[in-house]
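Welcome! Please take a look at the sequence and structure before reading on.

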Amino acid sequence: MTPNSSAAQEKPDILVLGDSQLSFGAGEKYLKFFEDLPQRCMPNKRQRRHLKKLGDRKTAAIGVRSTSLGSWTAQSGAAKGSICNVDKKYGVNAGAYGIASNPKRVFVQIGKGRSYQFCKPKTSAFKALFSKGYYDPKLIVLTFLGNAAQSWAESPEIAQTVADRTAAQIPRDVPCVFLTTVPVYSKRTNDLRQKAQANIKAAFENSGTHCQFVEGFSPQTRQAIEGKPKFFAKHKDGRIKDPLHPSKAAVDIFLKLNEPQLCSAIFTALK
């Protein structure tokens, strides 16, 4: 079955794309957020009209391990390979939620399966995703930061290139929100990501993109999650086992703290 087949997959109204934070729990929380959107965002009369554009708000979330926004905009090379190459260690590289109305996580390989045909020669994953007759979301939410943090922090030029490509590849008629990812355990890592967020935000503003930018990284979210062992997987002796993937409870706090900004960005995108 080809990406251009109208029966290629059950199409979500809302598509959330991100990295391994989505794979390891955050995807489930995004599905719940959009399920509860009217209660969480408390829309006024005008905003309720905008909300109707999302139909039933059927949501899918796809998190691809070790990817960044640049992976989705690349037409070839290692960046695109991080989406399309088979993961040598695990055999699959993505965790998906809400595909075919299944809210539970499934592990998949991008490029395989009718719902994941994003790997066409000399074409970026974004362009393949939005090819006519394939995915046609009424809202796309992008949540990235960590895997590009060093390059974005050290080089505003790289951040600008990625933002420009994103602006060019996401159709103007698809409402779009960019939200940076959840703070991790290490202060040093979060300091780098804070700088990266500042650079990619400035790049988005300079790119002319229609995507609304939400600074998920903030003093409030860092204070709530950073350095808190209860939000991270631990070894039996109490040492932090996975400092890069906060728990579902941390994602709940992150979304709650960002709720006003995220709701505002969604309604602005839907205008």
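What follows is about the disulfides and one aspartate. Please keep in mind that this is a predicted model.

**The disulfides**

A disulfide is a covalent bond between the sulfur atoms of two cysteines. The structure holds three of them, listed here.

| Pair | S to S distance | S-S torsion |
|---|---|---|
| Cys41 and Cys263 | 2.0 Å | about -80 degrees |
| Cys84 and Cys119 | 2.1 Å | about -95 degrees |
| Cys176 and Cys211 | 2.0 Å | about 90 degrees |

Let us start with Cys41 and Cys263, whose torsion of about -80 degrees makes the disulfide left-handed. Because Cys41 lies in helix H2 and Cys263 in helix H11, this pair ties together parts that are 222 residues apart in sequence. Both cysteines are buried.

The bond between Cys84 and Cys119 is left-handed too, with its torsion of about -95 degrees. Here Cys84 sits in helix H5, while Cys119 belongs to the loop between strand E4 and helix H6, 35 residues apart. Cys84 is buried at 19% relative accessible area, whereas Cys119 is partly exposed at 28%.

For Cys176 and Cys211, a torsion of about 90 degrees gives a right-handed disulfide. Cys176 is part of strand E6, and Cys211 is in the loop between helix H9 and strand E7. Cys176 and Cys211 are both buried.

Counted in sequence order, the bonded cysteines pair as 1-6, 2-3, 4-5.

**Asp87**

Where does Asp87 sit? Its place is the loop between helix H5 and strand E3. Asp87 is buried, with a relative accessible area of 17%. Its side chain makes a polar contact of 2.9 Å with that of Arg65, and the residues it touches also include Val92, Asn93 and Gln109.

Terms used
Residues numbered from 1 in each chain as written. Predicted model: local features only at pLDDT ≥ 70, side-chain atom pairs only at ≥ 80, totals over all residues. Heavy atoms only, no water. Helix = DSSP H or I, 4+ residues; strand = E, 2+ residues; numbered from the N terminus. Buried < 20%, exposed > 50% of the residue type's maximum accessible area, 1.4 Å probe, protein only. Polar contact = N/O pair within 3.5 Å; in protein donor to acceptor, adjacent residues only side chain to side chain. Contact = heavy atoms within 4.5 Å. Disulfide = S-S within 2.5 Å. Lists of a residue's contacts leave out its neighbours within four places in sequence.
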